[in-house]
Amino acid sequence: MFVPKLYRSEDYDLMREIIRENAFALLISSDEKIRATHSMMMLNEDDPENKYIETHISKANPQARLLKDGDEVLCDFLGAHAYISSSWYDHINVSTWNYEAVQIHGKVQLMTHDELYKHLEKLTAKYESFQKCPVMVKDMGKEFVEKEMKGAFGLKIIPTEIFIKQKLSQNRKEHDYENIISELEQTDENGRKIAEKMKLIKKK
């Protein structure tokens, strides 16, 4: 990911927010060809000194059949994003896109049986907790879960590089900046979220 200095962030709370709210991300790897799989990801911070991304994909996926310990992968998280029309400026310019994103380069570490089981417990709890009638892993029975686990390929990604990007019209003059916010507030949920983010960074 190209991250000009103006849009570069070192805000790890922002990174956590983007990962938490946009957990269905891309796992990208390369051997003889580039491969990418959308998968549910979680940031594991149980040990503050050894943070990592955890996820799982289908064992039937060709990517799973090729990945091994030590391989390099890229986890790509796209946060809020919105189209910025050039009609919102007080001068002729090009349209663009405002967005937040995180990319984590890392080394693969394959999960053990127990690690995969715990990963599925945490992942299920995260999304089932808000359901009317939540079904947790413990409710399914260990025998059933372990049978289903035979088709899952669990992996941890140990970060080697982290890029956090916040492209929010920081290069625009005051009048255009305020007008972009005003226009975004009249669009969709993503647009309104970008507008709120723009207000926040302006206060910093």
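This is a predicted model: local features need pLDDT of at least 70, side-chain atom pairs count only at pLDDT 80 or more; totals for chains, interfaces and linings use all residues.
A disulfide is a pair of cysteine sulfur atoms within 2.5 Å. By that test, the structure holds 0 disulfides. Cys75 is buried, with a relative accessible area of 0%, whereas Cys133 has a relative accessible area of 64% and is exposed.

Now take the chain as a whole. The chain has 204 residues, and 41% of them count as buried. Its C-alpha atoms fill a box of roughly 65 × 45 × 30 Å along the principal axes. The accessible surface amounts to about 12,000 Å², and carbon and sulfur atoms make up 53% of that surface.

The secondary structure consists of 7 helices and 7 strands. Read from the N terminus, the order of the elements is β-α-β-β-β-α-β-β-α-α-α-β-α-α. Contacts can also be sorted by how far apart the partners are in sequence. Among contacts in the chain with a separation of 6 or more, 71% are between residues 24 or more positions apart.

The next stop is helix α1, which covers residues 12-21. At the start of this helix, a side-chain oxygen of Asp11 comes to within 3.0 Å of the backbone nitrogen of Asp13. Further along, Leu14, Met15, Glu17, Ile18 and Ile19 are buried. An α-helix has 3.6 residues a turn, so residues three or four places apart point the same way. In α1, the buried residues include Leu14 and Ile18, and also Met15 and Ile19.

Is Ser29 buried or exposed? Its relative accessibility is 7%, and the limit for buried is under 20%, so Ser29 counts as buried. The side chain of Ser29 is joined to that of Gln63 by a polar contact of 2.9 Å. Apart from neighbours within four places in sequence, Ser29 is in contact with Ile34, Arg35, Gln63, Leu67, Glu72 and Val73.

Aromatic residues come next. How many aromatic pairs does a search of the whole structure find? The search finds 1. Tyr83 and Trp97 form this pair, with 5.6 Å from centre to centre and 65° between the planes. Planes over 60 degrees apart count as edge-to-face, so that is the name for this arrangement. The pair links distant parts of the chain, 14 residues apart: Tyr83 belongs to strand β5 (residues 72-84) and Trp97 to strand β6 (residues 96-110). Tyr83 is partly exposed, at a relative accessible area of 43%. Trp97 is partly exposed too, at 41%.

Another ring takes part in a contact with a charge. The charged end of Lys156 sits over the ring of Tyr52, at 5.0 Å from the centre of that ring.

With 42% relative accessibility, Phe144 counts as partly exposed. Phe144 and Leu27 are 117 residues apart along the chain, and their C-alpha atoms are separated by 27 Å.

Note on methods
Residues are numbered from 1 along each chain as its sequence is written. Side-chain values use heavy atoms; hydrogens and water are left out. Buried means under 20% relative accessible area, exposed over 50%, partly exposed in between (1.4 Å probe, protein chains only). Helices (H or I, at least four residues) and strands (E, at least two) are DSSP runs, numbered from the N terminus. A polar contact is a pair of N or O atoms within 3.5 Å; within protein, one must be able to donate a hydrogen and the other to accept it, and residues adjacent in sequence count only if both atoms are side-chain atoms. Rings of Phe, Tyr and Trp (its six-membered ring) pair if their centres lie within 6.5 Å; planes under 30 degrees apart count as stacked, over 60 as edge-to-face and the rest as tilted. A charge sits over a ring if NZ of Lys or CZ of Arg is within 6 Å of the ring centre and within 35 degrees of the ring normal. Contact means heavy atoms within 4.5 Å. Accessible areas come from the Shrake-Rupley method with a 1.4 Å probe; for residues, only the protein chains shown count as cover.
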